[in-house]
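Hi,

Here is the structure I promised to pass on. Have a look at it first, and then read my notes below.

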Amino acid sequence: MAMAGLYRRVLPSPPAIDFASSEGKKLFTEAIHSGTMEGFFKLISYFQTQSEPAYCGLASLSMVLNALAIDPGRKWKGPWRWFDENMLDCCEPLEKVKDKGISFGKVVCLAHCAGAKVEAFRTNQSTIDDFRKYVMTCTSSDDCHVISSYNRGTFKQTGTGHFSPIGGYHAEKDMALILDVARFKYPPHWVPLSLLWKAMDTIDESTGLSRGFMLVSRHQRSPALLYTLSCKHETWLPTAKYLMDDVPVLLSSDNMKDVKSVLTTIFMSLPSDFAEFIKWVAEIRINEEGGQGLSEEEKGRLAIKEEVLKQVQETDLYKHVTDILSSENLGCAIKQTLDHGDNLPNIAAAVCCQGAGILTRKFGSSDRFCCKETCVRCYRARNGDKPVTVVSGKVVNGNGEQGVDMLVPLSQTDLSCCNLGSGMHPASNDILTALLLALPPQTWSGIKDAKTLEEVSGLVSTVSLRPLLQEEILHLRSQLLMLKRCKDNKVEDDLGAPMI
């Protein structure tokens with residue numbers, strides 16, 4: 001009886017040369033000596049096989065993001081933050097990608113949303129000489145990688161549109177190494193760069209546009225230190241619409257007579273699930289028995305988070321936001337809208353859920369677990385260190401238990417730990433201040449009262465922000481503008497980073 005399914009394909013050679021063949025090994029060795037295999041080692045360390053037949057774009061991007069050590073800002077499994085194909089969903093629903101694949105423009109959009117620095121070119125926007133220069137530059141370093149979108153048919157391979165990273169370049173032979181993410185089908189292989197260009201210089205029938213290539217690198221530091229925008233929850237679309245489309249209309253009303261009326265109008269109309277859109281980046285670790293101290297790396301990351309939080313709270317805008325939320329009449333009504341659950345009890349519950357995820361993977365597959373205890377502790381300063389606030393949770397099931405800690409940035413204005421409810425991050429006024437600063441400058445242009453417009457413009461200006469906070473806010477703004485581009489279905493029209 002015949003066995004159903006397919007087991008791999010024979011790599012058509014020529015034009016391709018199998019990476020593991022004697023000729024492929026020779027090309028590899030020569031390219032190493034020429035210095036154009038520098039990016040290969042990081043890429044091969046995170047080489048993955050696409051988990052679905054149409055996930056080549058997602059697999060290529062997650063492989064490159066991990067090779068660049070870009071922090072996704074949200075967890076993958078257990079306590080671990082790691083890029084996986086299933087996390088790359090902000091520009092196209094995964095079910096649609098699984099069914100039809102993904103376009104070049106939307107992979108570029110995903111790379112921007114993931115926090116990478118991206119330069120993308122369709123073949124009608126570039127030349128083969130420029131492409132060769134980019135390939136040589138990226139393969140000569142390990143901090144830039146090229147993802148190619150091409151038609152397999154040009155290489156006499158089965159299938160049509162495909163994505164894969166370029167892992168190296170042989171200058172003398174003018175050949176590029178394709179690290180094919182469909183490893184169930186073809187192995188990594190060398191191809192003539194001129195033929196790769198020809199394969200990219202084809203039309204994607206789903207968009208009617210040329211294919212191309214993108215250069216993916218990382219920013220000097222991870223910009224999402226405290227906040228990141230999340231597209232995981234289905235409510236991101238109406239929230240993005242509210243912030244980008246509805247708020248400017250609301251502010252064009254004749255009732256905007258002062259800063260208080262402007263901010264109150266925005267807060268009172270926020271979508272009920274707004275908190276699912278902007279997230280704070282949590283620092284989670286497994287609680288080892290007797291190991292309560294922080295490593296130097298953890299202390300460093302926490303110190304940077306606290307510095308960003310301090311800079312948020314030093315802005316004049318933060319003072320206005322806090323005054324409104326503290327108002328007896330307005331504050332209660334607004335807080336009902338803003339009840340996003342980021343208070344200490346809910347943080348502790350979230351920690352407990354994190355622990356449950358770890359526990360089910362470490363001790364077994366049972367879904368039956370419970371929170372044994374949660375608490376907030378403040379470890380007082382030792383040897384000149386700052387005090388550290390930790391939210392701890394412990395989960396149990398029939399097979400064992402696991403403790404989990406979440407490190408919480410503490411406001412610089414109250415480091416005594418005597419009052420754990422004060423100065424704790426995240427808080428509504430912190431998050432709202434960051435979100436208001438991240439809105440595009442044109443958001444406020446419809447305010448009719450000249451004095452109010454001038455005052456609000458000064459409060460939300462990023463020009464005078466200190467560098468650490470400025471980079472954080474501009475990253476949020478870039479995410480927001482990219483999401484609007486996705487919402488308006490314009491990602492194919494403009495491949496560049498949003499103008500912030």
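The protein's secondary structure comes to 16 helices and 15 strands. Helices here are DSSP runs of H or I with at least four residues, strands are runs of E with at least two, and both are numbered from the N terminus. Keep in mind that this is a predicted model: local features need pLDDT of at least 70, side-chain atom pairs count only at pLDDT 80 or more, and totals for chains, interfaces and linings use all residues. Residues are numbered from 1 along each chain as its sequence is written, and side-chain values use heavy atoms, with hydrogens and water left out.

Some overall numbers to begin with. Of the 500 residues, 54% count as buried (buried means under 20% relative accessible area, exposed means over 50%, and partly exposed is in between, with a 1.4 Å probe and protein chains only). A contact means heavy atoms within 4.5 Å. Among the contacts with a separation of 6 or more, 69% are between residues 24 or more positions apart.

Now the sheet. In what order do the strands of the open sheet of seven run? The order is β1-β6-β5-β4-β3-β9-β2, with antiparallel pairing. Two strands pair if DSSP finds at least two bridges between them. As background, strands of a sheet pair through backbone hydrogen bonds, either parallel or antiparallel. β1 (17–18) and β2 are at the edges with a single partner strand each, so one side of each has no neighbour in the sheet.

At the β1 end, two bridges join β1 to strand β6 (residues 189–192), and these strands run antiparallel. Isoleucine 17 has tryptophan 190 in β6 as its bridge partner.

At the other end, look at strand β9 (residues 212–218). Six of the seven residues of β9 are buried, so to speak mostly covered. β9 is joined to strand β2 (residues 116–122) by seven bridges, and the two run antiparallel. Across that pairing, arginine 122 stands opposite glycine 212, and glutamate 119 stands opposite leucine 215. β2 is mostly covered as well, with five of its seven residues buried. Strand β3 (residues 144–151) is joined to β9 by five bridges, again antiparallel. There, isoleucine 147 has methionine 214 in β9 as its bridge partner.

Next, the helices. How do helix α3 (residues 56–67) and helix α5 (residues 104–113) pack? Their angle is about 30° and their axes are 10 Å apart. Axes are lines fitted to C-alpha atoms, for helices over the stretch in contact, and angles run from 0 to 180 degrees between N-to-C directions. α3 and α5 are therefore roughly parallel to each other (that label covers angles under 35 degrees; over 145 is roughly antiparallel, 65 to 115 roughly perpendicular, and the rest oblique). Gly57, Leu58 and Leu61 in α3 meet Val107, Leu110 and Ala111 in α5. The residues of this contact divide into five nonpolar, one polar and no charged. For those classes, Ala, Val, Leu, Ile, Met, Phe, Trp, Tyr, Cys and Pro count as nonpolar, Asp, Glu, Lys and Arg as charged, and the others, Gly among them, as polar.

Compare that with helix α11 (residues 316–326) and helix α15 (residues 450–460), whose axes come within 7 Å and cross at roughly 110°. α11 and α15 are therefore roughly perpendicular to each other. Asp316, Leu317 and His320 in α11 meet Glu455, Leu459 and Val460 in α15. This contact has three nonpolar, one polar and two charged residues.

In helix α14 (residues 428–438), eleven of the eleven residues are buried. In helix α9 (residues 259–268), seven of the ten are buried, so α9 is largely enclosed by the rest of the structure. Among the buried residues of α9 are Val262, Ile266 and Phe267.

Finally, some backbone details. Most residues other than glycine have a negative phi, and most peptide bonds are trans. Serine 13 and proline 14 are joined by a cis peptide bond with omega about -5°. The bond from proline 14 to proline 15 is cis too, with omega near 15°. Lysine 156, in the loop between β3 and β4, has a positive phi of about 65°. Lysine 156 is exposed, with a relative accessible area of 62%.

Cheers
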